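Reader: Could you take me on a close look at one part of this model, starting from a helix and moving on to the sheet? I would enjoy a connected account.

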Amino acid sequence: MSRSLRVLGIDPGLTRCGLGVVDVSPNRTASLVHVGVARSASTDPIEKRLAAIAAGIRDVLVTHQPHVVAVERVFAQNNLHSVMGTAQASGIALLLAAEHGLTAATHTPSEVKAAITGYGSADKLQVQTMVARVLRLDALPQPADAADALAIALCHAWRRGGATASADDALTPAQKAWRDAEKKRTPPKRVARTHVRTGT
């Protein structure tokens with residue numbers, strides 16, 4: 001009998017690094033294991049900031065024992081300083097995966113959006129909303145970095161199962177209809193607290 005795949009998704013960032021762990025079954029249904037954010041203070045020197053992010057990631061690796069790590073691929077932005085911080089945090093994530101003997105993969109933002117919502121130009125709220133639906137959460141996962149990490153984890157698990165794997169495989173017909181409606185409008189929704197880990 002095939003077991004579930006446990007994926008640690010990482011949305012790399014130097015100030016906030018989103019961390020999300022999901023279990024995905026062979027039929028591509030998914031459940032939440034952990035969601036949180038590793039943080040570092042912008043006033044700290046770079047080496048201390050990277051150490052804080054590393055500590056947060058390492059804690060999740062040790063506590064939740066994922067089978068694989070998926071990291072959002074760094075992409076070009078106008079803000080070079082922001083890109084550098086993201087790239088540094090991404091490097092830390094990939095290094096820690098290797099140190100724990102885990103396979104690591106990277107996915108572009110558009111790949112993640114397409115896997116979760118069905119189209120690659122979805123906004124953050126639409127991604128959060130679909131992540132909440134797929135994982136059967138009562139509220140949107142917060143903050144956005146944590147929701148993105150969950151989306152990255154789901155994207156990897158579904159794409160690993162085949163190039164055509166998508167959120168459709170985990171949704172009921174009613175949820176698919178709801179997803180299509182979400183593309184056209186953004187309903188108001190209250191958010192609730194989620195478990196957040198802090199790298200120190």
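Author: Happy to! Let us begin with helix H5, residues 144–160: its 17 residues should span 24 Å at 1.5 Å a residue, and its end C-alpha atoms are 24 Å apart, which agrees. The expected span is 1.5 Å times one less than the number of residues. Helices here are DSSP runs of H or I with at least four residues, strands are runs of E with at least two, and both are numbered from the N terminus. This is a predicted model, in which local features need pLDDT of at least 70 and side-chain atom pairs count only at pLDDT 80 or more, while totals for chains, interfaces and linings use all residues. Residues are numbered from 1 along each chain as its sequence is written, and side-chain values use heavy atoms, leaving out hydrogens and water.

H5 is mostly covered, with 14 of its 17 residues buried, that is, under 20% relative accessible area with a 1.4 Å probe, protein chains only. In helix H3 (residues 109–117), the buried residues are Pro109, Val112, Ala115, Ile116 and Thr117. Seen down the axis of H3, they fall within an arc of 165 degrees, so they line one face of the helix; the arc is taken from the directions from the helix axis to the C-beta atoms. Just after H3, Gly118 has a positive phi of about 100 degrees.

Now to the sheet. Five strands form an open sheet in the order E3-E2-E1-E4-E5, with mixed pairing; two strands pair if DSSP finds at least two bridges between them. Strands E3 (30–39) and E5 (103–107) stand at the edges with a single partner strand each, so one side of each lacks a neighbour in the sheet. E5 runs parallel to E4 (residues 68–72), and five bridges join them. Within this pair, Ala70 stands opposite Ala105 in E5.

Key. Buried < 20%, exposed > 50% of the residue type's maximum accessible area, 1.4 Å probe, protein only.
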